[in-house]
Amino acid sequence: MTKVLYIKGNPKGTEQSYSLRLGQDFIAAYQAAHPDAVVSELDLYEDHIPLIDADVMTGWGKLAAQSELSHHEASKVQRLGELVDQFLAHDIIVIAAPMWNFGYPPMVKAYIDAVSVAGKTFTYTEKGPVGLVKDKKAVIIEARGGQYSGTPASAVVHSQTHLSAVLGFLGITEISTVLAEGLNLDPSKAEDIYAAASSRGKQIAASLGA
Ligand SMILES: Cc1cc2nc3c(=O)[nH]c(=O)nc-3n(C[C@H](O)[C@H](O)[C@H](O)COP(=O)(O)O)c2cc1C
């Protein structure tokens with residue numbers, strides 16, 4: 001039984017968001033092709049995703065020193081642990097998010113920080129860092145207002161490229177990407193761009209395997 005974690009990285013409602021509509025389409029197509037799959041949802045703007053702040057830093061320090069954490073420190077550190085455990089417990093990670101200022105919305109970065117944990121998802125060795133996340137696949141779904149692929153502007157993309165780099169660093173080698181670009185360039189073309197990206201996503205969903 002394949003476990004899919006669908007991560008929503010956009011504060012908008014699904015109907016108002018191209019990235020979330022694409023995410024929803026992908027999940028529906030994956031479930032149609034793999035009826036036994038179990039999908040869990042994590043909404044980075046509704047569910048609690050602690051930032052790595054002063055409480056977390058001091059909490060980690062106290063854990064290392066085996067001293068007692070404050071209530072705030074303990075609850076944030078515990079929640080971060082739950083998030084990395086949830087990440088590790090799924091076979092396919094699907095993340096849908098928009099491009100914001102050439103990167104992703106800040107809660108996506110907060111999630112990246114939550115699951116990039118030395119000793120759990122990667123480790124340092126004498127030969128350099130090694131990803132510990134094996135036998136997992138990822139799908140990155142992104143909506144962009146402008147057009148970057150195939151243009152000199154691709155140099156400023158720090159969204160999908162950053163997330164792919166982090167997931168690769170953690171050990172995930174099979175990463176598929178669904179991009180909808182140029183959505184804000186000509187409003188009359190946006191639905192066609194979305195439909196083409198949705199169709200690419202559905203093809204990936206059908207061929208991804210369990
Ligand atoms: C705060 C904000 C920042 C944005 N920054 C960019 C950007 O840097 N590059 C770009 O191409 N589009 C940018 N956009 C446009 C969105 O990427 C575009 O509207 C996309 O469709 C949003 O995805 P969504 O429909 O899933 O919300 C930005 C939109 C917002 C709200």
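Predicted model: local features only at pLDDT ≥ 70, side-chain atom pairs only at ≥ 80, totals over all residues.

Colleague: To begin with, where does L185 lie?

Modeller: L185 belongs to the loop that runs between β7 (174-180) and α6 (190-207).

Colleague: Why is L185 counted as partly exposed?

Modeller: L185 has 13 C-beta neighbours inside 10 Å. A residue is buried at 20 or more and exposed at 12 or fewer; L185 is therefore partly exposed.

Colleague: Which residues does L185 touch, not counting residues up to four places away in sequence?

Modeller: L185 touches G146 and Q147.

Colleague: What makes α2 roughly perpendicular to α3?

Modeller: The axes of α2 (residues 54-65) and α3 (residues 71-88) cross at roughly 90 degrees and come within 8 Å. Angles of 65 to 115 degrees count as roughly perpendicular, so α2 is given that description relative to α3.

Colleague: Which residues make this contact?

Modeller: From α2 they are D55, V56, T58, G59, W60, K62 and L63, and from α3 they are H72, E73, A74, K76, V77 and L80. By class, the contact of α2 with α3 has six nonpolar, three polar and four charged residues.

Colleague: In the largest nonpolar core, which residues touch the most other members?

Modeller: They are L22, F26, V94, I95 and I141, in a core of 44 residues. Beyond its neighbours within four places in sequence, I141 is in contact with S19, L22, G23, F26, V94, I95, A96, V178 and G201.

Key. Residues numbered from 1 in each chain as written. Core = buried A, V, L, I, M, F, W, Y, C linked by C-beta atoms within 7 Å. Contact = placed C-beta atoms within 7 Å. Helix = DSSP H or I, 4+ residues; strand = E, 2+ residues; numbered from the N terminus. Axes fitted to C-alpha atoms, helices over the stretch in contact; angles between N-to-C directions. Parallel < 35°, antiparallel > 145°, perpendicular 65-115°, else oblique. Nonpolar A, V, L, I, M, F, W, Y, C, P; charged D, E, K, R; others polar.
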